[in-house]
Amino acid sequence: MRRPTENGTAYWTLSFYISRPQIIGHDLAMPLKPDPSGRESTDEARDALAEDFDLARYFVEHPDWAVDGGTRRLDHLRELPPFDSRSRARAADALDPEHARTKALRRAINPLFNDIADRSRLGRIEDQLFAVAPTQDAAFVLPDLVRWSTEGRTFAVPIAPEDARFPIHVTRFWYLHGNGAMSWHISFEVMYRNAGFAAALEAKRVPSGLYLLSLMQKLAYPKESEMRSGPCGEGGEAGECRSDELFELRLVDPGMEPSDQPHLFWDVVDHWFQSDKGTIAAVHDRDMVDVELLGLCPHIVINEIPGLFCLDTRSNFFLRDEAFFKLIQPKDTDGELANRRTRVRDDLFAGYPALIDAHGETVSDPRDPAQKVTILGSDYWARMLAPDPGGTRAADGSPGPVDRLFYLFLAGFNQNIIDWTNQDASEVLDSLDPIYPSSDEQQSEGFFVRYANPRCLITYVQRSRTLEVGNDFIGTCPYAFLIHVLAMHNERLTRDQEKLAFAVVEKVNSYLRAAQAERLRPRRIGQLVSEAEEWINWYRIAAFEHFDRHRYFNPFRYDTERDVFTELERLRGTSRLSAALDKALAALDESTRDIQRVRAEAETDEEERRNRFMTLVFGVVGLAGVAQVVFQIDQLMQGEDARFDWGSVAGDLAITGGVAALIPVAILAWRKLVPPVLYLFRS
């Protein structure tokens, strides 16, 4: 029996992408960093964690890419055999002859995938799904204070204990990509519009479910906070911190000890990974006993918040919420679509930022007494949800205070901003422009609305039949999930290729610099040209073999998914990086031409020097012959010898001419024979 989908429920899929080189231990295109486990890492490891590994510089400084044991990373990539996903999937299935959940998962979801997209390669579908565990119950637990820092200020919202706990359903599964990469997905189903939601609004309090949604997205990619001392630091000093330590959203997992106590989010995720990693071992025939999640998905540094890090993930939110949908796609009294600008007006929203200064309580930060924190407590929310907030009265038909609160939340959530009450009308409207629908014709369909930011795809619906199908198997809508997983796959391929491309550019440029230093040795420059061309030719093949052939070029059949996929790739920089890669390849060709120009200039300079030398030699020889003739004539004119010896003069001229003819031959012999001998000795 299918588990029903309820109004006011969020379906959050958190996804981890693990490349094939990462799995087999020869990751050519990823940063090489120490294990950033955090609290017990060394000072050197922490310092190294703060800076990205410069692959391009490593490429130049280590031409052979030597690693421990004398193996070569470049050779590993060149020798990496093609991956047959279908045969490896059958091998993995054979290890679990029952695999009833995986069979049911594929029978239910694959037809939906194939209905909206052509994922086939050479007439067959290479991607495969694997179920790993039945749906389990767990719970999110909010902290006593939801806190964040933005624009130089720290804010906090108190959460009552009775509003802190949210039961959830968790679904986990694997997606095997055609290139051998595997993405691990955890879907969380949480009803945020619970019994306490309406009660909080009635009591003029903020529903804690809104901040739960914000913190869920913040765990995956925080960008609006700042490091301070407290739980993340030691001895009163601000230290390095994980996102779950900073925001303090925790999980209760009955399978962990103690079973009734909340645990840090990433610790629970790692616990689940230990249960699920056997699928990687079966597919790739690898020993995964000692492998941890951090070993395959290393923490990334959050650029916006120095010292904070989280796992590199992508998120897909699917919210079934009739009230939210109607706010985003408002209709007038005749049932026709209305413009959101008539609902989100400056006169209705202008007073909200001022409420923070007027009714927020600024106190010493409990984590750091030297700092101040502004508490948005009961007085603030009473003013926020009053019928006449900020001295502005809403006109008939305009949204009331609760709907205006929801507008603020939706705008902030779409942009992954937790400071959503501190916005004006222009900011709200900008954040409510969806990536779909984007035209009047699409808006008239009115089935769903989709937003995206660099890390997350967000969908709002009133109801969804496909969500009801997918909920039992992948915990979300299959259509939205396929857009999400293929966009994540393309993004990772493109970012890995970018690193490799610019590393090769740096390598070829190093040959150009060497050629410029060898201007007097055209033969050596010719060798540099050959080596540079070898790298470029190898990159062209590697770019296709390891990246282009596995990239999805918008395979969706319908404009609904096709337009969303295009916009998602634009927001995540995939399309921009693809254009940059084309320029990188052009730069490689130009660098080779630059080396060839240096070689041509060197050969021209050498020819000019040779010509000048030969002119000088012939001039000297000619002058010597003329001098001899003049000497003979001078002797005759002085009368020292009465007979003029024409034979002697002719002999001198013949000898002079012979010497002049032999000198160029000797020079050519010297230039042709001696340099190769010297080169061999130098080598």
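1. The second largest cavity is lined by Arg119, Arg121, Glu126, Asp127, His177, Gly178, Asn179, His489, His550 and Tyr552. Its volume is about 50 Å³, and the structure holds 4 cavities of 30 Å³ or more. A cavity here is a set of points, on a 1 Å grid over the protein atoms alone, where a 1.4 Å probe fits but cannot get out; lining residues have an atom within 4 Å of a point. Volume is the space filled by probe spheres set on the points, which are joined across faces, edges and corners. The lining comprises 1 nonpolar, 5 polar and 4 charged residues, where Ala, Val, Leu, Ile, Met, Phe, Trp, Tyr, Cys and Pro count as nonpolar, Asp, Glu, Lys and Arg as charged, and the others, Gly among them, as polar.

2. The model is predicted: local features need pLDDT of at least 70, side-chain atom pairs count only at pLDDT 80 or more, and totals for chains, interfaces and linings use all residues. Residues are numbered from 1 along each chain as its sequence is written, and side-chain values use heavy atoms, with hydrogens and water left out.

3. The chain has 25 helices and 19 strands, taken as DSSP runs (helices H or I, at least four residues; strands E, at least two) numbered from the N terminus. Of its 683 residues, 50% are buried (buried: under 20% relative accessible area; exposed: over 50%; partly exposed in between; 1.4 Å probe, protein chains only).

4. An open sheet of 3 strands runs in the order β10-β14-β13, with mixed pairing; strands pair if DSSP finds at least two bridges between them. Because β10 (241-242) and β13 (299-301) stand at the edges with a single partner strand each, one side of each lacks a neighbour in the sheet. The pairing of β10 with β14 (residues 308-311) is parallel, over 2 bridges, and places cysteine 241 opposite leucine 308.

5. Threonine 102 sits in helix α6 (residues 100-116) and is buried, at a relative accessible area of 5%. Leaving aside residues up to four places away in sequence, threonine 102 touches Leu129, Phe130 and Ala131 (contact: heavy atoms within 4.5 Å).

6. Glutamate 257 and proline 258 are joined by a cis peptide bond with omega about -10°, and proline 258 lies in the loop between β11 (250-252) and β12 (263-264). Aspartate 285, although not a glycine, has a positive phi of about 55°; aspartate 285 is exposed, with a relative accessible area of 62%.

Note on methods
On a 1 Å grid over the protein atoms alone, a cavity is a set of points where a 1.4 Å probe fits but cannot get out, and a pocket is an open set with protein on both sides within 12 Å along at least five of seven lines; lining residues have an atom within 4 Å of a point.
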